[in-house]
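Please look over the sequence and the model first, and then read the points below.

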Number of protein chains: 2
Amino acid sequence: MTYCVGILVEDGLVMCADTRTNAGVDNISSFRKLHMLDEGDKRLVVAASAGNLSITQSMLTILREGLEPKQEDGPRRFVKDAPTMFVVAQMFGEALRQANDLFADTLEEAGVSASVTFLLGGRIGDGPLTLYLVYDIGNFIECKPENPFLQIGESKYGKPILDRALKFNTPLDEVVKVALISFDSTIRSNLAVGRPIDLVVIPRDSKAPIKKRRIEADDRYFNDLSARWGMLLTEARAAIPDPPFMIDVVS
Amino acid sequence: MTYCVGILVEDGLVMCADTRTNAGVDNISSFRKLHMLDEGDKRLVVAASAGNLSITQSMLTILREGLEPKQEDGPRRFVKDAPTMFVVAQMFGEALRQANDLFADTLEEAGVSASVTFLLGGRIGDGPLTLYLVYDIGNFIECKPENPFLQIGESKYGKPILDRALKFNTPLDEVVKVALISFDSTIRSNLAVGRPIDLVVIPRDSKAPIKKRRIEADDRYFNDLSARWGMLLTEARAAIPDPPFMIDVVS
């Protein structure tokens, strides 16, 4: 499995993905799921994937080799030439359907899920900083300020903290902290999600530096955050009064 | 959907279930999912169910009317006559398979999941306090001290807090508090789980009183716990240092 989260707030975009893949519990390995697809002057396209690895890789190769021309004598279509993030999202959907056409039936016959979903974030030219969730059949939704995050993969363990903590005006360093707490909860509860975690932070201010970071298994900040969060939760629980209806049960 | 949790610790057994059922988001109602199946002298059998309501109700009726005799001239078999919890768990499996035989094919044709799982807890005579999870095909697992809880239904949102907080030696009032925090997280993240929550607490000491409680939408303790937990999480997040690699991103 996989856990990826994208958070789009007033100050910028944060995308995080784990790297664990497994085919059964005895076949676990590490693959990058956060991909910088375009990183040019005034162009930044980042994708995070969850689901079948063969479909994901085929789909990304299809994009890299360029989609078929729209007109017969037109050029092949590349992400690097797309004029807007909306066009990139459509290209993702198209490539995903093509990759599904290659393998999905065979996979389904073998009882293997072919489903792949993507988080797609970035900015092209003077266009807005955007975050999409692309579904396995190629349609997509866009992240909006009312609910400033999207998740794919093993999303439920880490959702309560996001639901509580994230607002559109949450500062970017707080967003990163919350994202990592969400990963910590997920990793503790599900073996199929694990470090390293890949992280990219894209400030809305295009002059501010973009941060890319891989949080390894020995990352000191993450280890400290995980230990502190555990202690703080214990303290928080202790601070809540005991249920009054339990008074005569417990001596 | 549904969320139920059973927690079996040194001091006793706690079982909790929500009451929300839905067939689509526009057909939401409230059904009791925590059932006292036997409550006699030295007998206590409690079940919590998740899944298809028609299969659940049929299965409980099959149990109430008694399973077919084992021998042709033998008596019908009732939960109230079962000598051990292990026998009750087997009867649950048998009744579940019978209820599945009635409807499962038809439901599957209609694209409706027939899956039902049960938490089954209690004590018979001088036997041990026991907690089982009965799967939809009738097999079951037993809760053991290494991992002192079992969940059914929408279990993932509320699992991280249980993973962190519960040990076999956690006191019973703390267990109830943790169970309610787990429900609070689930309810906030998933509309398909909602109050009232039914709660039963069975101390291991058979002379201590058994607690049954319905936590309604206006329950003061739960509302206070939910508000405090939210504040405490906010304080806990604030107490964790900001990511050091974000220093030059955030002004």
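Predicted model: local features only at pLDDT ≥ 70, side-chain atom pairs only at ≥ 80, totals over all residues.

**Surroundings of Arg123(B)**

Leaving aside residues up to four places away in sequence, Arg123(B) touches Lys42(B), Arg43(B), Leu44(B), Met85(B), Pro128(B), Leu129(B), Ile202(B), Pro203(B), Arg204(B) and Ser206(B).

**Arg123(B) in detail**

- Arg123(B) belongs to strand β7 of chain B, which covers residues 116-124.
- Although Arg123(B) is buried, it forms no salt bridge.
- The nearest side chain of opposite charge is that of Asp205(B), at 7.1 Å, whereas a salt bridge requires a distance within 4 Å.
- A polar atom of the Arg123(B) side chain does, however, lie 2.7 Å from the backbone oxygen of Arg204(B). Arg204(B) is also one of the residues that Arg123(B) touches.

**Helix α1 of chain B**

- Helix α1 of chain B consists of 13 residues, 53-65.
- From its first C-alpha to its last, α1(B) reaches 18 Å, close to the 18 Å expected at 1.5 Å a residue.
- The buried residues in α1(B) are Ile55(B), Thr56(B), Ser58(B), Met59(B), Leu60(B), Ile62(B) and Leu63(B).
- These buried residues pack against strands β5 (34-38) and β6 (43-51), helix α2 (85-109) and strand β7 of chain B. Strand β7 is also where Arg123(B) is found.
- After α1(B) comes Gly66(B), which has a positive phi, near 95°.

**Chain A as a whole**

- Chain A contains five helices and twelve strands.
- The C-alpha trace of chain A spans about 85 × 50 × 35 Å along its principal axes.
- Of the 251 residues in chain A, 54% are buried.
- Among contacts in chain A with a separation of 6 or more, 62% join residues 24 or more positions apart.

**Relation between the two copies**

Conventions
Residues numbered from 1 in each chain as written. Chains lettered and ligands numbered in written order. Heavy atoms only, no water. Helix = DSSP H or I, 4+ residues; strand = E, 2+ residues; numbered from the N terminus. Buried < 20%, exposed > 50% of the residue type's maximum accessible area, 1.4 Å probe, protein only. Lys, Arg positive; Asp, Glu negative; His and termini not counted. Polar contact = N/O pair within 3.5 Å; in protein donor to acceptor, adjacent residues only side chain to side chain. Contact = heavy atoms within 4.5 Å. Expected span 1.5 Å × (residues − 1).
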